[in-house]
Amino acid sequence: MLVCEDLHKDYLVGNETVCALDDVSVRVERGEFLSVMGPSGSGKSTFMNMVGCLDTPTRGRIVVDGETVSELSRDALAEVRNRKIGFVFQQFHLLGRTSALDNVELPLLYGGVPRAERAVRAEQALERVGLRDRMGHVPAQLSGGQQQRVAIARALVNRPVVLLADEPTGALDSATGVEIMELFQELNEAGITVLVVTHEPEVAGYARRVLRFRDGRVIADERQPARMTA
C-alpha cells in the first residue's frame, strides 16, 4: 500500500546542506498499524511529511496506493492528500466557532462533495468515533479528548487509505490518551492503515510494528504484539 525506496531529503540551511533522510526504504502493507519513533532531529517527521505528500524527496521514490507521488506538483500532491490520506495532529486544528459537524465536513467541502452528501458522511464519521450526541457542539464545549475525536472524524471523512497521526496524544492527559489510542486500534482492526509518530513508548506499544529513526536513517524495524484494548 505504501512503498518508499532509497529516500533522501536535503535542506539548505544558510550555506550548509543538512541531510534529514538518508537512504530510507520502507514498505507498509495495507491494514498495518505502524509507529515511528526517534529523538528530535532523527528524521521521523520528515519521513511522515514525505509519505503524507506534504513534501517531496530530494531523490528516491514514493508510491501511495499504487500511485507514484514522489515527483508530483504541489497541486497534484494536494489532490492525493485529499483523496487518500487522513491527518491527525497533536493540536486539534479545529475552527473555534464552528460545530463539530461543520469541522468534519471541511475536507468534503474542499473536495467539491455535494452538501447533502457532506452532512451524511460527516455524521457517519462522528458516530464512528463516538460523538453522535456532540455534533452540534463547538470546540469550546468539548473536552480535549472529544476535540481529538472530532479531528479523527475529520481525517476519516474522505475514507482515506492511510491515517497519519503526529503525536496524537501529546496534548491529552494519560487516561484520555489511552482512549484515543484504543480508538486508533479499533479503526485499524476495521481495516484502516495507521501510522503514528511518537516519542512515547507507551503510545508505540499499541502498534504491531515499530520503525526507529536516528540521524536520518531507519536503525530498527521491529514487530511486536499489539497491546490489547480495554
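Helices α5 and α6 are roughly parallel to each other, where an angle under 35 degrees counts as roughly parallel, over 145 as roughly antiparallel, 65 to 115 as roughly perpendicular and the rest as oblique. This is a predicted model, so local features need pLDDT of at least 70 and side-chain atom pairs count only at pLDDT 80 or more, while totals for chains, interfaces and linings use all residues. Residues are numbered from 1 along each chain as its sequence is written, and side-chain values use heavy atoms, with hydrogens and water left out.

Let's stay with that helix pair. The axes of α5 (residues 144–156) and α6 (residues 174–189) come within 10 Å and cross at roughly 20 degrees. Axes here are lines fitted to C-alpha atoms, for helices over the stretch in contact, with angles from 0 to 180 degrees between N-to-C directions. Helices (H or I, at least four residues) and strands (E, at least two) are DSSP runs, numbered from the N terminus. On the α5 side, the contact (heavy atoms within 4.5 Å) is made by Gly-145, Gln-148, Arg-149, Ile-152 and Leu-156. From α6 come Thr-176, Glu-179, Ile-180, Leu-183, Phe-184 and Leu-187.

Leaving aside residues up to four places away in sequence, Gln-148 touches Val-88, Phe-89, Gln-90, Phe-92, Pro-168, Leu-172 and Ile-180.

Ala-155 is also part of α5, and it counts as buried at 7% relative accessibility.

Four strands make an open sheet in the order β2-β1-β4-β5, with antiparallel pairing; two strands pair if DSSP finds at least two bridges between them. At the edges are β2 (16–28) and β5 (67–68), each pairing on one side only. Strand β4 (residues 59–64) pairs with β5 over two bridges in the antiparallel sense, and Val-64 stands opposite Glu-67 in β5. Helix α1 (residues 44–51) lies across β1 (2–13), β2 and β4, and runs at about 120 degrees to β1.

Note on methods
Buried means under 20% relative accessible area, exposed over 50%, partly exposed in between (1.4 Å probe, protein chains only).
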